[in-house]
Every structure is written in structure tokens, then in C-alpha cells.
Amino acid sequence: GEPDRRLSLVFTGEGMIPEVVELQKGELVEWEIRGRELDRDLGVKLRGYDELGEVAVPASGEPVLVRLLALRPGAGFPFVRSDDGEVLGQLRVSGAHTADEEEM
């Protein structure tokens, strides 16, 4: 279906722009991901959302479209560089952790 939101992420040698992305639990997001000033293609993973797999960010700056359904709330899911695990940015998902919390 149609995503709830479309967002842009840019990965540079130093990190991610914006540094933190905030979503609501249950949102379907489509990200347009680009590399900027990269000397080589970059592999990025989102820890805690393994179903996303590794995203290959081309050094050419060519955009990559990625969809994610934000099902797990948490204050900090790091975007990490695949080859060395360096944290490049963070995803925060707000919302209830359990059905009991949703009823409050």
C-alpha cells in the first residue's frame, strides 16, 4: 500500500543526515536514501530491524528506495555501517510496547 510518510536520509563518511529519525509505531515509511561524498559504496544496517537487511548506498549519489513498517517501539535503533559496526544515526519509534499499554 501507500506509505504513511516519505523521508529522505543522506549518508556521508561522517554519519547520517538527519542524525535521528522519529517514527510512530505502525507507520509504513518509504525512505529515499542517498550517499554524499562517499569514496565507495556503503553498506548500512538498522539494528533491531533485521528484516530490513543490508541497504547498499551507492557512492554515486543514486537514490535507493527502502520501505519499513515501524512495528517495534524503542528509543534508539542504530543505523550502523556494515563493515565495522560504526553507528551513523538512530531511529526512534514511539508507541506502546504491549497491548496493555495501548489501552491506557
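A: Happy to! The count comes to 1 cavity of 30 Å³ or more, where a cavity is a set of points on a 1 Å grid over the protein atoms alone at which a 1.4 Å probe fits but cannot get out. This is a predicted model, in which local features need pLDDT of at least 70 and side-chain atom pairs count only at pLDDT 80 or more, while totals for chains, interfaces and linings use all residues. Residues are numbered from 1 along each chain as its sequence is written, and side-chain values use heavy atoms, with hydrogens and water left out.

The volume of the largest cavity is about 40 Å³, taken as the space filled by probe spheres set on the points, which are joined across faces, edges and corners. Its lining (residues with an atom within 4 Å of a point) consists of Phe11, Trp31, Ile33, Val44, Leu52, Val55 and Phe79. That lining divides into 7 nonpolar, no polar and no charged residues, with Ala, Val, Leu, Ile, Met, Phe, Trp, Tyr, Cys and Pro counted as nonpolar, Asp, Glu, Lys and Arg as charged, and the others, Gly among them, as polar.

Now to the sheet. Strands here are DSSP runs (E, at least two residues), numbered from the N terminus, and two of them pair if DSSP finds at least two bridges between them. An open sheet with mixed pairing is formed by 4 strands in the order S2-S1-S4-S7. Strands S2 (16-17) and S7 (64-69) each have a single partner strand, so one side of each is left without a neighbour in the sheet. S1 (residues 5-11) runs parallel to S4 (residues 28-35) over 7 bridges, and Ser8 stands opposite Glu32 in S4.

Note on methods:
1 Å grid on protein atoms, 1.4 Å probe; cavity = no way out; pocket = protein on both sides within 12 Å on 5 of 7 lines; lining within 4 Å.
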